[in-house]
Amino acid sequence: MTPYTQGIYKVLKKHSNEENAIPMKKYMRNQFDFFGIKSDERRQLCREYLNSNELPKGEELHKVVKELWEMPERELQYFAIELLIKCKKQWTLKDADFWEYLITHKSWWDTVDFLAGQVVGPWFLKFPDQIKSVTGKWNKSENIWLQRMSILFQLKYKKETDLKLLYKYIETLSESKEFFVQKAIGWILREYSKTDPHEVKKYIAENKLMPLSKREGMKVIERGK
């Protein structure tokens, strides 16, 4: 284990709270262990550690992130993502396979959605030539988390959203029985409705979507009536 990984582990372990850890683990369907550090405190501890320690570089960065990803406590995966955000200047054209590794290991909505909004989405804006080849593969994958990412990577794009591509990906997955895929479709439509409500309302009216996707997609529009 690298000294950098050991350092953040010791910091978070020192602030563990078993009383908080039990319900946090239960909320995640007992899939992950937790130190029991609530979000605000965790973010503060991570920020302090990131600012007071030299950031890992190159291959060491990937090594640290993988070490954190393989450890039991979920807060360490959150820190790994915070570290990647802090090191965004180091992102390279070759990172797509690494993002796929993170998406498909210890997969759940919390890390996948965090990566979508703060790492994977911004990475594609930095390397737009990679969008169609990489997300096209994810969209056609049998892995529901890659499918979800193919929808959600544009979550924060607003006017930069490629609607033609988004609708193509939604069409591929529109009949999926997977809750997390249906929810992702609704979520991206709901988010884009803040930019163009008329477009989203028209799209939902004219296309076949699962009821959950429709309900989620119309939430902001319905509130605005």
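Of the 225 residues in the protein, 52% are buried, where buried denotes a relative accessible area under 20%, exposed over 50% and partly exposed a value in between (1.4 Å probe, protein chains only). The structure is a predicted model, in which local features need pLDDT of at least 70 and side-chain atom pairs count only at pLDDT 80 or more, whereas totals for chains, interfaces and linings use all residues. Residues are numbered from 1 along each chain as its sequence is written, and side-chain values use heavy atoms, with hydrogens and water left out.

The protein contains 13 helices and zero strands, these elements being DSSP runs numbered from the N terminus (helices, H or I, at least four residues; strands, E, at least two). The radius of gyration is 19 Å, close to the 17 Å that the globule rule gives for 225 residues, so the protein is as compact as a globular protein of that length. This radius is taken over C-alpha atoms, and the globule rule is 2.2 Å times the number of residues to the power 0.38. The C-alpha trace spans about 55 × 40 × 30 Å along its principal axes. Among contacts (heavy atoms within 4.5 Å) with a separation of 6 or more, 70% are accounted for by residues 24 or more positions apart.

Lys and Arg count as positive and Asp and Glu as negative, while His and the chain ends are not counted.

Helix 8 (residues 131–139) has as its buried residues Ile131, Val134, Thr135, Gly136, Trp138 and Asn139. The cover over these residues includes helix 6 (96–104), helix 7 (109–126), helix 9 (144–152) and helix 10 (163–173).

Twelve salt bridges were counted, each defined as a side-chain nitrogen of Lys or Arg within 4 Å of a carboxyl oxygen of Asp or Glu. Arg74 is paired with Asp110, with the closest N and O atoms 2.7 Å apart. This pair links distant parts of the chain, Arg74 in helix 5 and Asp110 in helix 7, 36 residues apart. Arg74 is buried at a relative accessible area of 0%, and Asp110 is buried at 8%. A salt bridge also joins Asp113 to Arg148, at 2.8 Å between the closest N and O atoms. Here, too, distant parts of the chain are linked, with Asp113 in helix 7 and Arg148 in helix 9, 35 residues apart. The relative accessible area of Asp113 is 13%, and this residue is buried; Arg148 counts as buried at 3%.

Within helix 3 (residues 39–52), Asp40 and Arg43 lie three residues apart, about one turn of the helix, and their side chains meet in a salt bridge (3.3 Å, N to O). Asp40 counts as exposed at 61% relative accessibility, and Arg43 is partly exposed at 38%. Lys183, Arg190, Glu216 and Lys219 are linked in a network of salt bridges.

Glu73, in the loop between helix 4 (59–70) and helix 5 (74–86), is buried yet has no salt bridge. The nearest side chain of opposite charge to Glu73 is Lys13, 5.6 Å away. Not counting residues up to four places away in sequence, Glu73 touches Tyr9, Asp33, Phe34 and Phe35.
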